[in-house]
Amino acid sequence: MRRFRNFSDDSSSSEINISPLIDVVFILLIFFIVTTVFVEETGVDINKPRAASAEDLEKNSILIAVTANGQVYQGGRSIGVSGVRSVVAAMLEADANTPVIIQGDTDSNHGLVVQVIDAAKLAGAKTVNLATTNQ
């Protein structure tokens, strides 16, 4: 019987090919970037009122802020009450079921908040909510 010996050269060492691993990591990275939902903030700080019945809503929503000095903001820009209807209508074209959330400051005028709610409903919003904080 012959015995076989396993001779190993130092020049032919075994290496692990990591190219497929890098490809998989890049594909996962692209997948998570594409499927991430970005929340567009109103761009101003609002002192929201407290409510015991507050609950979390979807992250994909249209946020409109009403400040204490009577300004109406959406996406960091002042749109005024007259611009609410056109902005909401344009954003609802992508998804008609997107809720509208009004972030009214505790010191804002109640009549102005009602005008913003009315403009959002006239634009075709099916759901209009008021933003509050938990007690």
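**Exercises on a mixed open sheet**

Five strands build an open sheet with mixed pairing, in the order β4-β3-β2-β5-β6. The model is predicted: local features need pLDDT of at least 70 and side-chain atom pairs count only at pLDDT 80 or more, while totals for chains, interfaces and linings use all residues. Residues are numbered from 1 along each chain as its sequence is written, and side-chain values use heavy atoms, with hydrogens and water left out.

**Exercise 1. Determine how β5 is joined to β2 and to β6.**

Step 1. Strands are DSSP runs of E with at least two residues, helices are runs of H or I with at least four, and both are numbered from the N terminus. Two strands pair if DSSP finds at least two bridges between them.

Step 2. β2 and β5 run parallel and are joined by five bridges; Ile62 stands opposite Val100 in β5.

Step 3. β5 and β6 also run parallel, with three bridges. Here Val100 stands opposite Val128 in β6. The chain passes from β5 through α3 to β6 in a right-handed β-α-β crossover (with the strands pointing away from the viewer, the path from the first strand over the helix to the second runs clockwise).

Step 4. For contrast in sense, β3 (residues 72-74) and β4 pair antiparallel over two bridges, and the bridge partner of Tyr73 in β4 is Ser78.

**Exercise 2. Characterise the aromatic pair of Phe31 and Phe32.**

Step 1. Rings of Phe, Tyr and Trp (its six-membered ring) pair if their centres lie within 6.5 Å; planes under 30 degrees apart count as stacked, over 60 as edge-to-face and the rest as tilted.

Step 2. One aromatic pair is counted by this rule. Phe31 and Phe32 lie 5.4 Å apart centre to centre with 65° between the planes, an edge-to-face pair.

Step 3. Phe31 is partly exposed, at a relative accessible area of 46%.

Technical notes
Buried < 20%, exposed > 50% of the residue type's maximum accessible area, 1.4 Å probe, protein only.
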